[in-house]
Amino acid sequence: MQVESGKRISEEQIVKDTANIAKENKSDLVRIVTVGDATTCPKCKKWDEKIVSLSGKDRNYPSLETATKDGFLHFNCRCALLNIETDEIPLKSKINPRTI
C-alpha cells in the first residue's frame, strides 16, 4: 500500500485510479515499478519493470490479475503502477504470459 497525506491507500484504490487514468489515455497497459531498495520483497521484485494488461485482453502481456495472484500489491506493498503509452513500450519488454 502507498501512503498519501497520512492515509493508507488500498490496493483496490491504486488499481482503480490507475485504470481510470489508463482509460483516459486509451491505454490498457501499465508498468509495475518497485521501490527498488533492500526491503523490496521477492514477490514484487519479480514483477519490477514488467508491463501488464489491466483488463487481461492484451495477449502479449500478463494481466494485472496474474501479477496480484502471484503476490504483487500485497499488504503494505510500496510498489506502484505507472500508466504508459503504447508507443513507449519497447519490443523487448513483451512477455509471454505463459512464462510468468
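This is a short tour of the structure above, one selection at a time.

**Before you start.** The model is predicted: local features need pLDDT of at least 70, side-chain atom pairs count only at pLDDT 80 or more, and totals for chains, interfaces and linings use all residues. Residues are numbered from 1 along each chain as its sequence is written, and side-chain values use heavy atoms, with hydrogens and water left out.

**Stop 1: the whole chain.** Color by secondary structure. Helices (H or I, at least four residues) and strands (E, at least two) are DSSP runs, numbered from the N terminus. Starting at the N terminus, their order is β-β-α-β-α-β-α-β. Of the 100 residues, 34% count as buried. Buried means under 20% relative accessible area, with a 1.4 Å probe and protein chains only.

**Stop 2: the sheet.** Select 29-33, which is strand S3. Together they form an open sheet in the order S4-S3-S5, with antiparallel pairing. Two strands pair if DSSP finds at least two bridges between them. S3 and S4 share three bridges; S3 and S5 share four. Zoom in on two positions. Arg31 stands opposite Ile51 in S4. Ile32 has Leu81 of S5 as its bridge partner.

Stop 3: Are its residues buried or exposed? Five of the five are buried, so S3 is largely enclosed by the rest of the structure. Show the side chains. Leu29, Arg31 and Val33 lie on one side, Val30 and Ile32 on the other, and both faces are covered.

**Stop 4: the core.** Select Ile32, Trp47, Val52, Phe72, Leu73 and Leu81. These have the most contacts inside the largest nonpolar core, which has 13 residues. A nonpolar core is a set of buried Ala, Val, Leu, Ile, Met, Phe, Trp, Tyr and Cys residues joined through side-chain atoms within 4.5 Å. S3 and helix H3 (64-69) each supply at least two residues of this core.

**Stop 5: two cysteines.** Select Cys44, which is buried at 1% relative accessible area. Then pick Cys79, also buried, at 4%. How many disulfides does the whole structure have? A search finds zero. A disulfide is a pair of cysteine sulfur atoms within 2.5 Å.

Key: Buried means under 20% relative accessible area, exposed over 50%, partly exposed in between (1.4 Å probe, protein chains only).
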